[in-house]
Amino acid sequence: MLYKGICTIKNGSIEPADEQTPIGDDNEIYEVLRIYDGKPLFLNDHTQRWVNSMTAMQRPLPDWLPKLPQLIDWLVACNGIKDCDLRITASQDGTIQCGFIETTYPSPQQFQDGVKCQLLNAERETPDLKIFHSTMRHDAESQQAETNSFESILVNKDGLLTEGSSSNLYFIDGQGNVHTAPDGTVLGGIMRKKVIALCQKEGIPVVFECVNANSIASFKAAFLSSTPMQALPINQIADTTFDTSNPVLRKIVDGIDQLIKSKTDC
């Protein structure tokens, strides 16, 4: 993965992008947020999660952090890119960079028909911190390429489905309850926070528990969430299929889409 565009933020300054330097080293603390119509979505949420990860790993925070909103505005203007994902990275050598990365967003058809996922026996070493782990990411990407699947669903040693390799995971039961992993056992995704808030607003009950791999067929619908995915229906996990027209699912998918487009909660 490389930064795209003609410039990046490096240690608090706008500098030319080094297209030869890859990003994504092991134990790198990172954050990915979306630039939508030229403005960062949920910037305060993303910044706070990055700060929490830095603090937990005992990494020093940069003194230029309060200027980050202004630096991002300059970066957008400098590169002329209004719709893209922005990645903030803190490498082990102390270098902090921020720049645009290549991102593939789900198509309108995928938001309607859903995507195919596979099961992957893997766990994050630090599930509540956004830290890059190359082995897990490589295994997930290899599986997706080999099976033509969209995402890999992580299965822990107890046979529980926790999250996607780059997303949060949800199931909807026959009573319209949403099931997702408990806080602290998975990465506290910013879009997950918005999904849960939307459920509370719409009166949709949320059950915080991991689903066993042997019981997924008992659920009616399933979906993923992340910065680029928003709330994305799943039509199949391994050999189990799901209803992408489920009314609770559609209410969540449409609600998150409207939230993004309105930018009322940024």
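How many salt bridges does the structure hold, when a salt bridge is taken as a side-chain nitrogen of Lys or Arg within 4 Å of a carboxyl oxygen of Asp or Glu? By this rule the count comes to nine. The model is a predicted one, in which local features need pLDDT of at least 70 and side-chain atom pairs count only at pLDDT 80 or more, whereas totals for chains, interfaces and linings use all residues. Residues are numbered from 1 along each chain as its sequence is written, and side-chain values use heavy atoms, with hydrogens and water left out.

One of the salt bridges pairs K193 with D45, whose closest N and O atoms are 2.7 Å apart. Because K193 lies in helix 5 (residues 190-202) and D45 in helix 1 (residues 43-56), this pair ties together parts that are 148 residues apart in sequence; helices (H or I, at least four residues) and strands (E, at least two) are here DSSP runs, numbered from the N terminus. D45 is buried, with a relative accessible area of 18%, while K193 is partly exposed at 46%, where buried means under 20% relative accessible area, exposed over 50%, and partly exposed in between (1.4 Å probe, protein chains only). D45 and K193 also belong, together with K194, to a network of salt bridges.

A second salt bridge, between the side chains of R124 and E163, has an N to O distance of 2.9 Å. This pair likewise links distant parts of the chain, since R124 is in the loop between strand 7 (115-121) and helix 4 (134-147) and E163 is in strand 9 (residues 160-164), 39 residues apart. Both partners are buried, R124 with a relative accessible area of 15% and E163 with one of 2%. In a further salt bridge, D183 and R192 meet at 2.5 Å, N to O; here D183 is exposed, with a relative accessible area of 59%, whereas R192 counts as buried at 3%.

The structure holds one disulfide, the term being used for a pair of cysteine sulfur atoms within 2.5 Å. This disulfide joins C7 to C78, with an S to S distance of 2.3 Å, and connects distant parts of the chain, C7 being in strand 1 (residues 3-10) and C78 in helix 2 (residues 68-79), 71 residues apart. C7 counts as buried at 3% relative accessibility, and C78 as partly exposed at 33%. Two other cysteines may be considered alongside this pair. The sulfur of C199 is 17 Å from the closest cysteine sulfur, which is in C210 and is too far for a bond; C199 is itself buried, with a relative accessible area of 0%. C210 is in no disulfide either, and the nearest cysteine sulfur to it, that of C117, is 16 Å away.

Helix 6 (residues 247-262) has 16 residues and reaches 22 Å from its first C-alpha to its last, close to the 22 Å expected at 1.5 Å a residue, the expected span being 1.5 Å times one less than the number of residues.

Leaving aside its neighbours within four places in sequence, I256 is in contact (heavy atoms within 4.5 Å) with M191, K194, V195, L198, Q230 and A231.

Q230, one of the contacts of I256, has a phi of about 60°; Q230 is found in strand 15 (residues 230-237) and counts as buried at 7% relative accessibility. D37 has a phi of about 55° and lies in the loop between strand 3 (29-36) and strand 4 (39-40), where D37 counts as partly exposed at 47% relative accessibility.
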